[in-house]
Amino acid sequence: MLRKIIKIDEEKCNGCGLCVNACHEGALQLIEGKARLISESYCDGLGDCLPECPTKAIILEERETVEYDEEAVKKHIEKKQQPANPTPCGCPGTHAKLLVNKQDNATPVPSESTQSQLAQWPCQLKLVPVTAPYLDNAHLLIAADCTAFAYPNIHQKFMHNKITLIGCPKLDDGDYSEKLTAILKQHEIKSLSVLRMEVPCCGGIVQAVKKALINCEKLIPWNVVTISTDGRVIEE
(Lines give C-alpha, C1' and ligand atoms only; values in the text may rest on other atoms or scores of the structure.)
Protein backbone atom coordinates (compact mmCIF):
# COMPACT_ATOMS: atom_id res chain seq x y z
CA MET A 1 0.00 0.00 0.00
CA LEU A 2 1.05 3.63 -0.49
CA ARG A 3 1.55 5.47 2.79
CA LYS A 4 3.94 7.71 4.73
CA ILE A 5 6.90 6.07 6.46
CA ILE A 6 10.26 7.25 7.78
CA LYS A 7 13.55 7.05 5.91
CA ILE A 8 16.94 7.23 7.68
CA ASP A 9 20.06 8.71 6.09
CA GLU A 10 22.83 6.59 7.62
CA GLU A 11 25.49 9.09 6.55
CA LYS A 12 23.88 11.77 8.72
CA CYS A 13 22.99 9.48 11.65
CA ASN A 14 25.44 9.85 14.53
CA GLY A 15 24.03 6.99 16.60
CA CYS A 16 22.82 9.18 19.47
CA GLY A 17 19.71 7.03 20.03
CA LEU A 18 17.32 9.93 20.73
CA CYS A 19 14.98 8.81 17.95
CA VAL A 20 14.77 5.34 19.52
CA ASN A 21 13.31 6.81 22.69
CA ALA A 22 10.93 9.04 20.72
CA CYS A 23 9.43 6.13 18.77
CA HIS A 24 6.48 4.90 20.84
CA GLU A 25 6.05 1.86 18.60
CA GLY A 26 9.59 0.56 19.13
CA ALA A 27 10.20 0.58 15.39
CA LEU A 28 13.72 1.99 15.73
CA GLN A 29 16.80 0.34 17.15
CA LEU A 30 20.52 1.12 17.29
CA ILE A 31 22.41 -1.45 15.24
CA GLU A 32 26.17 -1.14 14.76
CA GLY A 33 26.03 2.47 15.93
CA LYS A 34 23.25 3.53 13.55
CA ALA A 35 19.49 3.99 13.95
CA ARG A 36 17.64 1.39 11.90
CA LEU A 37 13.96 0.76 11.16
CA ILE A 38 13.61 -2.86 12.30
CA SER A 39 10.18 -3.40 10.74
CA GLU A 40 8.20 -1.16 8.38
CA SER A 41 4.99 -2.63 9.80
CA TYR A 42 5.90 -1.04 13.18
CA CYS A 43 6.16 2.51 11.79
CA ASP A 44 2.88 4.46 11.94
CA GLY A 45 4.23 7.25 9.74
CA LEU A 46 3.43 10.04 12.22
CA GLY A 47 7.10 11.02 12.51
CA ASP A 48 7.42 11.60 16.28
CA CYS A 49 11.10 10.73 15.92
CA LEU A 50 11.87 13.50 13.40
CA PRO A 51 12.16 16.51 15.76
CA GLU A 52 14.39 14.51 18.14
CA CYS A 53 17.10 13.87 15.53
CA PRO A 54 19.90 16.46 15.99
CA THR A 55 21.44 15.77 12.57
CA LYS A 56 18.17 15.76 10.58
CA ALA A 57 18.90 12.22 9.42
CA ILE A 58 15.24 11.16 9.42
CA ILE A 59 12.59 12.24 6.93
CA LEU A 60 9.03 11.17 6.11
CA GLU A 61 8.42 9.92 2.61
CA GLU A 62 5.42 8.44 0.86
CA ARG A 63 6.13 5.09 -0.75
CA GLU A 64 4.83 1.57 -1.30
CA THR A 65 5.26 -0.47 1.85
CA VAL A 66 3.45 -2.87 4.18
CA GLU A 67 0.47 -1.75 6.24
CA TYR A 68 0.98 -0.49 9.77
CA ASP A 69 0.27 -3.43 12.09
CA GLU A 70 -1.03 -2.19 15.44
CA GLU A 71 -1.40 -5.67 16.92
CA ALA A 72 2.18 -6.57 16.01
CA VAL A 73 3.35 -3.33 17.61
CA LYS A 74 1.52 -4.15 20.87
CA LYS A 75 3.20 -7.56 21.05
CA HIS A 76 6.56 -5.99 20.21
CA ILE A 77 6.21 -3.40 22.98
CA GLU A 78 5.19 -6.06 25.50
CA LYS A 79 8.23 -8.13 24.58
CA LYS A 80 10.53 -5.11 24.94
CA GLN A 81 9.21 -4.46 28.45
CA GLN A 82 10.07 -7.98 29.62
CA PRO A 83 13.92 -7.88 29.73
CA ALA A 84 15.41 -7.64 33.21
CA ASN A 85 17.87 -4.92 32.19
CA PRO A 86 16.09 -2.47 29.90
CA THR A 87 18.00 0.60 28.75
CA PRO A 88 16.33 4.00 29.30
CA CYS A 89 16.51 5.23 25.70
CA GLY A 90 17.23 2.10 23.72
CA CYS A 91 20.95 2.85 23.71
CA PRO A 92 23.27 0.30 25.38
CA GLY A 93 25.47 3.19 26.43
CA THR A 94 22.86 4.31 28.99
CA HIS A 95 22.65 0.89 30.67
CA ALA A 96 23.19 1.39 34.40
CA LYS A 97 25.73 -0.94 36.00
CA LEU A 98 28.21 -1.00 38.86
CA LEU A 99 31.75 -1.60 37.64
CA VAL A 100 33.39 -4.50 39.49
CA ASN A 101 36.32 -3.97 41.85
CA LYS A 102 35.67 -0.24 42.03
CA GLN A 103 33.95 0.08 45.39
CA ASP A 104 34.52 2.95 47.83
CA ASN A 105 36.95 0.85 49.88
CA ALA A 106 39.14 -0.07 46.92
CA THR A 107 42.78 1.04 47.07
CA PRO A 108 43.42 3.89 44.61
CA VAL A 109 45.86 3.09 41.82
CA PRO A 110 48.78 5.56 41.86
CA SER A 111 48.94 7.78 38.79
CA GLU A 112 52.00 7.56 36.57
CA SER A 113 52.05 11.34 36.31
CA THR A 114 50.32 14.23 38.01
CA GLN A 115 51.12 16.64 35.19
CA SER A 116 48.35 17.52 32.76
CA GLN A 117 49.11 16.93 29.10
CA LEU A 118 46.36 19.23 27.85
CA ALA A 119 48.20 21.48 25.40
CA GLN A 120 45.56 24.11 24.63
CA TRP A 121 42.31 25.74 25.65
CA PRO A 122 39.45 25.38 24.91
CA CYS A 123 39.40 21.65 24.32
CA GLN A 124 35.66 21.16 23.64
CA LEU A 125 35.26 20.53 19.92
CA LYS A 126 32.24 22.84 19.70
CA LEU A 127 34.24 25.73 21.19
CA VAL A 128 37.62 25.37 19.48
CA PRO A 129 38.07 28.09 16.80
CA VAL A 130 38.65 26.64 13.35
CA THR A 131 41.43 29.21 12.84
CA ALA A 132 43.26 28.46 16.12
CA PRO A 133 47.03 28.63 15.41
CA TYR A 134 47.80 25.65 17.65
CA LEU A 135 46.10 23.42 15.05
CA ASP A 136 48.91 24.04 12.56
CA ASN A 137 51.11 20.94 12.12
CA ALA A 138 49.32 19.30 15.04
CA HIS A 139 48.83 15.70 15.99
CA LEU A 140 45.12 15.68 16.82
CA LEU A 141 43.34 13.56 19.41
CA ILE A 142 39.55 13.52 18.99
CA ALA A 143 38.28 12.02 22.24
CA ALA A 144 34.82 11.16 23.48
CA ASP A 145 34.11 12.91 26.79
CA CYS A 146 33.74 9.73 28.83
CA THR A 147 37.16 8.35 27.90
CA ALA A 148 38.87 10.76 30.29
CA PHE A 149 36.93 9.26 33.20
CA ALA A 150 37.08 5.63 32.10
CA TYR A 151 40.80 5.45 31.28
CA PRO A 152 43.01 6.58 34.20
CA ASN A 153 46.22 7.24 32.25
CA ILE A 154 44.70 9.11 29.31
CA HIS A 155 47.07 12.08 29.69
CA GLN A 156 50.30 10.12 29.35
CA LYS A 157 49.17 7.43 26.93
CA PHE A 158 46.95 9.40 24.53
CA MET A 159 47.18 13.17 25.10
CA HIS A 160 50.96 13.57 25.30
CA ASN A 161 52.26 15.79 22.45
CA LYS A 162 48.77 16.08 20.94
CA ILE A 163 46.11 18.74 20.58
CA THR A 164 43.07 17.27 22.31
CA LEU A 165 39.51 17.97 21.13
CA ILE A 166 36.66 16.40 23.09
CA GLY A 167 32.97 15.92 22.44
CA CYS A 168 29.94 13.68 22.85
CA PRO A 169 27.95 12.79 19.71
CA LYS A 170 24.99 11.77 21.87
CA LEU A 171 24.65 15.04 23.80
CA ASP A 172 26.07 17.72 21.49
CA ASP A 173 23.80 19.20 18.84
CA GLY A 174 24.84 19.17 15.20
CA ASP A 175 27.29 17.22 13.09
CA TYR A 176 30.98 17.27 14.08
CA SER A 177 32.06 16.41 10.53
CA GLU A 178 31.48 19.94 9.22
CA LYS A 179 33.78 21.59 11.76
CA LEU A 180 36.36 18.81 11.52
CA THR A 181 36.36 19.16 7.74
CA ALA A 182 37.04 22.89 8.08
CA ILE A 183 39.89 22.22 10.53
CA LEU A 184 41.49 19.60 8.30
CA LYS A 185 41.22 21.81 5.23
CA GLN A 186 42.68 24.93 6.87
CA HIS A 187 45.57 23.27 8.70
CA GLU A 188 48.32 20.80 7.97
CA ILE A 189 47.44 18.00 10.38
CA LYS A 190 50.21 15.45 10.90
CA SER A 191 48.04 12.68 12.33
CA LEU A 192 44.61 12.09 13.82
CA SER A 193 43.68 9.68 16.62
CA VAL A 194 40.13 8.93 17.73
CA LEU A 195 39.50 7.79 21.29
CA ARG A 196 36.01 6.38 21.80
CA MET A 197 34.06 4.32 24.29
CA GLU A 198 32.79 0.83 23.43
CA VAL A 199 29.13 1.92 23.53
CA PRO A 200 27.36 2.18 20.12
CA CYS A 201 26.48 5.87 20.35
CA CYS A 202 30.20 6.66 20.47
CA GLY A 203 30.40 5.42 16.90
CA GLY A 204 29.06 8.83 15.90
CA ILE A 205 32.40 10.46 16.61
CA VAL A 206 34.19 7.91 14.42
CA GLN A 207 31.72 8.44 11.59
CA ALA A 208 32.22 12.22 11.81
CA VAL A 209 35.99 11.84 11.55
CA LYS A 210 35.67 9.46 8.58
CA LYS A 211 33.39 11.92 6.79
CA ALA A 212 35.75 14.83 7.50
CA LEU A 213 38.75 12.89 6.19
CA ILE A 214 36.88 12.16 2.96
CA ASN A 215 35.67 15.74 2.59
CA CYS A 216 39.04 17.37 3.20
CA GLU A 217 40.60 15.36 0.35
CA LYS A 218 43.88 14.92 2.21
CA LEU A 219 45.82 11.79 3.14
CA ILE A 220 46.13 12.03 6.91
CA PRO A 221 47.26 9.04 8.99
CA TRP A 222 44.56 8.14 11.51
CA ASN A 223 43.57 5.43 13.94
CA VAL A 224 40.78 4.54 16.37
CA VAL A 225 41.21 3.30 19.95
CA THR A 226 38.26 1.86 21.86
CA ILE A 227 37.98 1.99 25.66
CA SER A 228 35.71 -0.35 27.62
CA THR A 229 33.36 1.00 30.28
CA ASP A 230 35.57 -0.59 32.95
CA GLY A 231 38.65 1.27 31.72
CA ARG A 232 40.49 -1.15 29.42
CA VAL A 233 41.86 -0.61 25.94
CA ILE A 234 39.92 -3.24 23.97
CA GLU A 235 40.78 -2.22 20.40
CA GLU A 236 43.77 -0.26 19.18
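Glutamate 61 and arginine 63 are joined by a salt bridge in which the closest N and O atoms lie 2.5 Å apart, in a model that is predicted. With a relative accessibility of 23%, glutamate 61 is partly exposed, because a residue has to fall under 20% to count as buried. Side chains of opposite charge can pair when their charged atoms come close.

Across the whole structure, the search returns 6 salt bridges. One of the pairs consists of arginine 36 and glutamate 10, whose closest N and O atoms are 2.7 Å apart. This pair links distant parts of the chain, for arginine 36 belongs to strand 3 (residues 34-37), whereas glutamate 10 sits in the loop between strand 1 (2-8) and helix 1, and the two are 26 residues apart. Arginine 36 is partly exposed, at a relative accessible area of 24%, and glutamate 10 is likewise partly exposed, at 36%. A further salt bridge brings together the side chains of arginine 232 and aspartate 230, with an N to O distance of 3.1 Å. Arginine 232 has a relative accessible area of 46% and is partly exposed, as is aspartate 230, for which the value is 30%.

Glycine 26 occupies the loop that runs between helix 1 (18-22) and strand 2 (28-31). Its relative accessible area is 2%, so glycine 26 is buried. When residues up to four places away in sequence are left aside, glycine 26 touches Ile38, Tyr42, His76, Ile77 and Lys80. For isoleucine 38, the separation from glycine 26 is 12 residues in sequence, and the C-alpha to C-alpha distance is 8.6 Å.

Burial can also be followed along helix 5, which spans residues 176-186 and whose buried residues are Tyr176, Ser177, Leu180, Thr181, Ile183 and Leu184. In a view down the axis of helix 5, these buried residues fall within an arc of 165 degrees, and they therefore line one face of the helix.

Terms used. Residues numbered from 1 in each chain as written. Predicted model: local features only at pLDDT ≥ 70, side-chain atom pairs only at ≥ 80, totals over all residues. Heavy atoms only, no water. Helix = DSSP H or I, 4+ residues; strand = E, 2+ residues; numbered from the N terminus. Buried < 20%, exposed > 50% of the residue type's maximum accessible area, 1.4 Å probe, protein only. Contact = heavy atoms within 4.5 Å. Salt bridge = Lys/Arg side-chain N within 4 Å of Asp/Glu carboxyl O. Arc of directions from axis to C-beta.
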